[in-house]
2 protein chains.
Amino acid sequence: MSSTNQRGTRLDPWLDLYADRANGMRASEVRSLFAVASRPEVVSLAGGMPNIDSLPLDFLADLSAKIMRTQGPKALQYGSGQGEIFMREQIVEVMRYDAIRAHPDDVVITTGSQQALDLVTEIFINPGDVIVAEAPSYVGALSVFRAYEADVVHVPLDDDGLIPEELDRTLTELAAQNRQVKFLYTIPNYHNPAGVTLSEERRPHIVEICKRHHVLILEDNPYGLLGFDSDPLPALKSYDPDQTVYLGSFSKMFGPGYRIGWAAAPHAVREKLVLAQEAAVLCPSMWGQMVMSEYLTTYDWYTQVKSFRGEYRARGEAMLEALAEYLPECQWTTPTGGFYTWVTLPPGVDAKAMLPRAVTNLVAYVSGSAFYYDGRGSDHMRLSFCYPPPERIKEGVRRLARTVHGEMELVEMLGTNRIDRPNNTVQFPAPDQV
Amino acid sequence: MSSTNQRGTRLDPWLDLYADRANGMRASEVRSLFAVASRPEVVSLAGGMPNIDSLPLDFLADLSAKIMRTQGPKALQYGSGQGEIFMREQIVEVMRYDAIRAHPDDVVITTGSQQALDLVTEIFINPGDVIVAEAPSYVGALSVFRAYEADVVHVPLDDDGLIPEELDRTLTELAAQNRQVKFLYTIPNYHNPAGVTLSEERRPHIVEICKRHHVLILEDNPYGLLGFDSDPLPALKSYDPDQTVYLGSFSKMFGPGYRIGWAAAPHAVREKLVLAQEAAVLCPSMWGQMVMSEYLTTYDWYTQVKSFRGEYRARGEAMLEALAEYLPECQWTTPTGGFYTWVTLPPGVDAKAMLPRAVTNLVAYVSGSAFYYDGRGSDHMRLSFCYPPPERIKEGVRRLARTVHGEMELVEMLGTNRIDRPNNTVQFPAPDQV
């Protein structure tokens with residue numbers, strides 16, 4: 001190695017020094033959209049921000065002040081890398097709604113469940129290893145998998161969620177190709193982005209198939225408590241705890257502001273997760289754990305969850321009604337909870353190409369291509385109904401319909417809506433302006 | 001790949017599926033000690049917990065309640081992956097104390113500065129790449145470097161910090177061996193664990209040497225504001241901003257409970273850090289940023305920092321006096337700030353072997369071996385004076401002296417204190433009992 005300083009570029013003097021994995025990192029399509037979504041004149045059907053306006057702010061203000069006054073030096077201090085025992089005990093109680101019987105020892109508190117996703121991937125994935133995931137799958141998970149240089153193989157889902165036969169067939173094929181499959185990443189409840197839920201009948205089959213193929217299940221369940229009308233179905237983990245790492249989050253049943261999520265893992269996996277967690281951030285936020293714990297103990301949090309359910313149900317219904325009224329040319333999934341519906345565009349209409357013109361029409365969504373590892377999916381879009389109020393959602397779908405109809409005319413005239421003209425891209429503001 | 005489930009073990013069915021990097025993860029010596037340190041009867045000279053009892057709790061309680069009441073839905077929501085602009089602007093002001101002139105665009109807020117360490121390592125290190133670090137170096141950094149399968153080459157320091165000639169010689173040798181050096185990891189101020197500070201004279205030399213060898217500087221500065229009697233020396237970053245990624249933290253100048261730290265990076269590096277950060281945790285805690293920002297705006301935080309300085313100075317002096325009185329057989333560094341002193345044991349006394357007997361004598365420390373990548377260092381121990389009050393520190397050193405003197409007798413009798421008897425290990429409680 002020479003000792004001259006000639007190997008970077010003028011724009012980036014460190015270009016030659018990045019790790020291989022850094023080449024896979026790129027801004028997600030969702031990320032730039034968060035910026036657009038923040039403009040008041042745009043109806044955003046793009047983001048996944050929970051609607052938390054109904055949280056009891058006065059109650060939480062008093063609770064926060066009390067914790068600071070009486071236990072401030074503890075709440076502002078470092079804590080255990082695994083997370084505090086009082087928080088882990090309460091998480092065990094929360095997971096009973098998913099029919100999970102866990103022990104507090106097997107829970108690791110993380111900086112949002114996103115960090116749990118990152119840590120599980122860190123301890124299992126060598127470059128080139130295969131992760132099996134639904135087609136489509138959560139964009140934030142795909143970013144993590146890319147950072148660890150995994151290969152993702154998608155398995156189709158339908159209105160009842162991941163299709164067991166397709167999973168079995170895919171795992172058998174991968175085994176025949178001698179490819180190392182480490183885990184199935186799945187969102188059984190109110191899927192992001194597909195909006196569907198894995199049926200109760202399919203659940204034990206999925207577990208059995210993974211067990212037979214010696215493939216771990218990574219079960220991501222941020223929306224489980226947010227069924228419009230019902231308590232959650234039993235988690236995959238409830239059928240075979242040792243087969244599954246379960247990820248949970250307070251971001252949707254409370255709010256994301258403290259960044260508190262968790263993993264419930266088989267015992268030996270949990271030990272590695274704690275070590276990885278300590279290396280990554282030392283410990284999760286003590287303040288966040290103490291406030292969340294006090295809230296769960298002293299407030300009727302499940303009634304609050306039911307209030308969230310009612311709000312999301314109203315928003316979801318508004319979106320489905322508007323789709324039926326304004327966009328009969330499309331197809332969409334019918335969610336029974338969560339934040340999203342997955343829309344199939346009319347033949348030939350490309351969601352990615354359409355997006356700048358949708359934004360010009362003051363509505364935003366996420367192109368389906370964000371939810372595939374291989375760039376597929378731009379015949380779909382994800383519409384989220386979590387954040388804007390019902391009337392805004394209807395207005396947004398109306399604007400979207402106008403955009404889609406314009407694209408259909410382009411397709412009819414030109415055979416495609418992927419037209420190349422100088423101003424067909426939108427300049428997004430920097431993410432810090434969100 | 002067969003599809004049977006025979007490849008794990010009964011204790012860990014997933015043993016065969018871990019990533020290579022997971023093999024490098026192990027519990028640090030410091031970690032198990034946090035548990036021991038929590039027992040009230042033990043004087044812990046082991047941990048690195050800041051002493052934050054003097055924080056203005058009533059003020060912070062009112063401030064917290066006000067933010068929740070007036071801006072709760074914002075404070076509990078997701079935010080920007082890079083961190084909020086108001087927080088980054090204030091961080092730029094805080095870094096002026098280190099003579100750094102930065103732009104808010106080049107700051108990335110992280111989950112404590114530990115996460116910044118993790119992200120920088122993630123984007124630069126391929127397995128086998130070399131990181132150059134002081135001998136000794138921060139145990140939490142070594143854990144991160146191990147997780148990314150880096151090789152660490154230590155460079156000696158003395159009472160004036162990292163030795164420029166040794167750094168130059170090491171980098172030249174590594175270049176001659178054609179080994180890829182990615183960055184120098186260094187703690188210039190009040191070094192953890194060595195307790196020394198890089199002299200002002202050496203600083204431009206270190207920067208010049210790294211620049212000449214095309215090696216990035218990763219400057220970790222958690223303790224910079226905690227000089228006993230003085231404001232900080234200019235940061236390495238202040239000499240050449242594009243040469244250095246600077247890590248800062250509110251954990252020591254305020255408290256660690258919100259997990260808010262930051263990296264200030266050259267522009268192109270910053271872009272990659274934001275992408276890595278978004279994949280890892282989506283965004284840092286909005287609540288933590290809003291409270292920290294309001295505290296910095298509305299409280300005389302620098303006077304609070306000066307109050308911390310006085311407390312640490314008193315504790316540091318108590319420790320040095322007690323060492324002089326009880327342990328004249330040892331040598332130690334003389335810190336002018338921060339949390340630690342680095343003690344050289346009498347010839348033949350092994351710090352790791354001594355530890356169980358020290359704990360039996362109700363005092364805890366960290367063996368110097370924790371601070372080397374290669375297991376060296378057990379002729380040293382790190383003593384921290386940050387947390388116990390001065391009288392307890394003196395009592396701790398008295399107990400430690402009794403232990404050391406016992407070990408010296410063992411060395412005289414047996415030629416070593418590394419004796420193997422059944423009960424020479426301590427059963428540490430689980431970390432969640434800290």
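In what order do the eight strands of the open sheet in chain B stand? I read the order as β2-β9-β8-β7-β6-β3-β4-β5, with mixed pairing. Here two strands pair if DSSP finds at least two bridges between them; strands (E, at least two residues) and helices (H or I, at least four) are DSSP runs numbered from the N terminus. At the edges I found β2 (107-111) and β5 (161-162) of chain B, each with a single partner strand, so one side of each is left without a neighbour in the sheet.

I noted the conventions next. This is a predicted model, in which local features need pLDDT of at least 70 and side-chain atom pairs count only at pLDDT 80 or more, while totals for chains, interfaces and linings use all residues. Residues are numbered from 1 along each chain as its sequence is written, chains are lettered from A and ligands numbered from 1 in the order in which they are written, and side-chain values use heavy atoms, without hydrogens and water.

**Strand pairs.** Within the chain B sheet I looked up β7 (residues 216-220) and β8 (residues 244-249), which pair in the parallel sense over four bridges. D220(B) stands opposite L247(B) in β8(B). In chain A, β3(A) pairs with strand β4 (residues 151-158), also in the parallel sense, over six bridges. There V132(A) has V153(A) of β4(A) as its bridge partner. Six of the six residues of β3(A) (residues 130-135) are buried, so this strand is largely enclosed by the rest of the structure. Buried means under 20% relative accessible area, exposed over 50%, and partly exposed in between (1.4 Å probe, protein chains only).

**The interface.** I recorded 106 residues of chain B in contact (heavy atoms within 4.5 Å) with 105 residues of chain A. I counted four salt bridges between the chains, each a side-chain nitrogen of Lys or Arg within 4 Å of a carboxyl oxygen of Asp or Glu. D62(B) forms one with R69(A), the closest N and O atoms being 3.0 Å apart. Helix α3 (residues 57-75) of chain B gives the largest share of the side that touches chain A, twelve residues.

**One residue, H380(A).** Is H380(A) buried or exposed? At 13% relative accessibility, H380(A) counts as buried. H380(A) lies in strand β14 (residues 380-384) of chain A. Leaving aside neighbours within four places in sequence, I found H380(A) in contact with residues including W342(A), A351(A) and S367(A).
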